[in-house]
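These are my notebook entries on a single structure. The sequence and the coordinates are shown first, and my look-ups follow.

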Amino acid sequence: MSAANPHLLETEDGASFFWLGDTAWELLHRLTFEQIDFYLKNRAEKGFNVILVNVLAEFGGLTVPNAEGDLPLIDLDPARPNPRYLEFARSVINRAAEYGLHVAMLPAWGDKLTAPWGEGPRVFSAEEPQVAQEWARRLAEEFGSYSNVVWILGGDRPAYIPSDPRSGSYRQAESAGLSPEIDWRPVWDAMATGIHAELGSRAFISYHPQGGPDSTSSYLHDRDWLDMHMIQSGHGGGHDQPIWDWIARDYALTPIRPTMDAEPNYEDHPVSPWPKWDPKNGYFDEYDVRKQCYRSVFAGAAGVVYGHHAIWQFWDDRYEAINHVDRSWLGALDRPGAHQVGYLRRLMDSVAGLEGEPSDASIVGDLGSGPTRMCACGDPDSTWLMVYIPTSDREIQPRGNILSSPHSSVWFDPRTGVELAAVGFEGKYRTPDFGPDWVLLVRRC
């Protein structure tokens, strides 16, 4: 995190770092090295700078060899990692570095440890946290010398389940034959301890939670090893989950940590497919992706993680289609949303640096709600202000010092990354009548 602004991130040399991640959970499991090289090059060209990778993959990750013919563990034993698999992972980290990409590494997907769902097999347990600690330590020993590796624990699972039989997680745990009373936080603590044993303060660790409003702040805020909060606004709650409120909640906490939406709507993911998908709900598209990404970032997030439903699972016709995937991963590489989140990073890098902060109070009047909710950010000295407006033909009135001195104003098109002149009248701006969404960018001259 940044020493100057602990809400944001910076590199070791003090440069601001806007985290633009891509979700590649099955990368080490389903792709050959040549395919991985092709994928990484594509992502770097679009502006991504972090790739989220799972060491012990979800779907057959411990029982089905990867595309190079190797399993990660010998005899399902975390104490016996396969040297060939580790070497393959090392080659991927090296190639990512050549493209200027960080690898956010998950030591294990959540189903290898926790309820309430997943095929496992569960090779880590609350009864033997030292097994998880040694596994994470070994990975840190193998990969910790790389400056482009950061760490994410979790993997789409809660760290523990509150003792509430009415909760969905509680019922899912029972149906899986697991005790909902287990607190898995000591196992995640053990993994963090293993990483720190090798890397000390050089380790940067976060945690990828399950979908919904509960972020890492709900159950890990008191952990000293947690360097950044993560939220998953996800795919099961329909459109326009109030990510701006969830980011604001974590932004206000002490001690201050960066926070971000680590899994907003995946592009081309079926809308609310659980327990059974109604095709009338359709799929999330690039507009859904833009709304959630921009509003999370403008609400104070240190970055965001994009995902495509075919790419996280690297689906092609060799595999079972998970959750109504509608195209191959190769056919998904150049979907509109993947380009457009790159424009978001470029925009933030152009103005924010280490000075950006949420600034909804800079807008006069109603911010809207749900699909119409606007979000604003700016800098403490009022030298710039940005407002994300998710609907077109709408009037915006900024307030504050920025309009009382010479300034320039443009409409930034989040679909194309192109800027258009914006002309205000008596301090008010009206979005173009096409869109649907726009960013108003005002800079003091």
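**Entry 1: Cys 375**

I looked up Cys 375 and found that it counts as buried, at 1% relative accessibility. Here buried means under 20% relative accessible area, exposed means over 50%, and partly exposed lies in between (1.4 Å probe, protein chains only). I note that the model is predicted, that local features need pLDDT of at least 70 and side-chain atom pairs count only at pLDDT 80 or more, and that totals for chains, interfaces and linings use all residues. Residues are numbered from 1 along each chain as its sequence is written, and side-chain values use heavy atoms, with hydrogens and water left out.

I placed Cys 375 in strand 12 (residues 375–378). Helices (H or I, at least four residues) and strands (E, at least two) are DSSP runs, numbered from the N terminus. I then listed the contacts of Cys 375, leaving aside its neighbours within four places in sequence: Trp 244, Arg 295, Phe 298, Asp 360, Met 386, Val 387 and Tyr 388. Contact means heavy atoms within 4.5 Å. I also checked Cys 375 against Glu 263: the two are 112 residues apart in sequence and 19 Å apart in space, C-alpha to C-alpha.

I traced an open sheet of six strands in the order 11-12-13-18-15-16, with antiparallel pairing. Two strands pair if DSSP finds at least two bridges between them. Its edge strands are strand 11 (357–358) and strand 16, each of which pairs on one side only.

Strand 18 (residues 438–444) has five of its seven residues buried, so the rest of the structure largely encloses it. I found six bridges between strand 18 and strand 13 (residues 384–389), in the antiparallel sense. Ile 389 has Trp 438 of strand 18 as its bridge partner. Strand 15 (residues 407–412) is likewise joined to strand 18 by six bridges and runs antiparallel to it. In this pairing I noted His 407 with Arg 444 of strand 18, and Ser 408 with Arg 443.

As background, side chains in a regular strand alternate between the two faces of the sheet.

**Entry 2: a surface patch**

I looked up Leu 420 and found it in strand 16 (residues 419–421). Leu 420 is partly exposed, at 33% relative accessible area. With Val 418 and Phe 434, Leu 420 makes a nonpolar surface patch of about 250 Å². Patches are made of residues with over 30% relative accessible area and no salt bridge, with like charges joined within 9 Å and nonpolar side chains (Val, Leu, Ile, Met, Phe, Trp, Tyr) within 5 Å. The accessible areas come from the Shrake-Rupley method with a 1.4 Å probe, and for residues only the protein chains shown count as cover.

**Entry 3: salt bridges**

Side chains of opposite charge can pair when their charged atoms come close. A salt bridge is taken as a side-chain nitrogen of Lys or Arg within 4 Å of a carboxyl oxygen of Asp or Glu. By this rule I record 37 salt bridges.

One of them joins Lys 112 to Asp 111, at 2.9 Å from N to O. Lys 112 is buried, at 0% relative accessible area, and Asp 111 is buried, also at 0%.

I then turned to helix 4 (residues 129–143), where Glu 141 and Arg 137 are four residues apart and therefore separated by about one helical turn. Their side chains meet in a salt bridge of 3.7 Å, N to O. Glu 141 is partly exposed, at 43%.

Arg 138 forms a salt bridge with Glu 142, the closest N and O atoms being 3.1 Å apart. This pair too is four residues apart in helix 4, about one helical turn. Arg 138 is partly exposed at 26%, whereas Glu 142 counts as buried at 17%.

These residues belong to a network of salt bridges that links Glu 87, Arg 90, Glu 134, Arg 137, Arg 138, Glu 141, Glu 142 and Glu 198.

**Entry 4: nonpolar cores**

Which residues have the most contacts inside the largest nonpolar core? I found Tyr 39, Phe 124 and Trp 151, in a core of 64 residues. Helix 3 (residues 83–98) gives the most to this core, with seven residues. A second, separate core of 54 residues includes Phe 17, Ala 301, Ala 302 and Tyr 306. A nonpolar core is a set of buried Ala, Val, Leu, Ile, Met, Phe, Trp, Tyr and Cys residues joined through side-chain atoms within 4.5 Å.
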